Amino acid sequence: MTTMTRFEYLTVPLLIHATKQILDNYGSEGWELVQVVPGPNPESLVAYLKRPLQDA
């Protein structure tokens with residue numbers, strides 16, 4: 001029987017001047033960047049991240 005990988009998801013506001021630092025921080029916790037989209041104002045971005053769920 002094969003098992004399907006399950007994921008958890010997170011949305012994170014990105015500060016333009018600290019984008020790399022923010023993404024590196026989440027990446028070190030196992031989060032993978034899925035997409036970056038414009039935020040509610042022109043100076044903001046929102047990152048969508050995912051990581052595999054740990055087996056309970």
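The model is predicted, so local features need pLDDT of at least 70 and side-chain atom pairs count only at pLDDT 80 or more, while totals for chains, interfaces and linings use all residues. Residues are numbered from 1 along each chain as its sequence is written, and side-chain values use heavy atoms, leaving out hydrogens and water.

**Nonpolar core**
- Seven residues make up the largest nonpolar core: Val12, Leu14, Ala18, Ile22, Trp31, Ala47 and Leu49.
- Such a core is a set of buried Ala, Val, Leu, Ile, Met, Phe, Trp, Tyr and Cys residues joined through side-chain atoms within 4.5 Å.
- Beyond four places in sequence, Trp31 touches Glu8, Tyr9, Leu10, Tyr26, Leu49, Lys50 and Arg51, where contact means heavy atoms within 4.5 Å.

**Aromatic pair and charge**
- There is one aromatic pair in the structure.
- Phe7 and Tyr9 are tilted because their planes stand at 45°, with ring centres 6.4 Å apart; pairing needs centres within 6.5 Å, and planes under 30 degrees apart are stacked, over 60 edge-to-face, the rest tilted.
- Phe7 is partly exposed at 29% relative accessibility, whereas Tyr9 is exposed at 58% (buried is under 20%, exposed over 50%, partly exposed in between, with a 1.4 Å probe and protein chains only).
- The charged end of Lys50 lies over the Phe7 ring, 4.3 Å from its centre (NZ of Lys or CZ of Arg within 6 Å of the ring centre and within 35 degrees of the ring normal).

**Ser44**
- Ser44 belongs to strand β3 (residues 44-52) and is buried, at 17% relative accessible area.

Definitions and conventions
Helices (H or I, at least four residues) and strands (E, at least two) are DSSP runs, numbered from the N terminus. Rings of Phe, Tyr and Trp (its six-membered ring) pair if their centres lie within 6.5 Å; planes under 30 degrees apart count as stacked, over 60 as edge-to-face and the rest as tilted.
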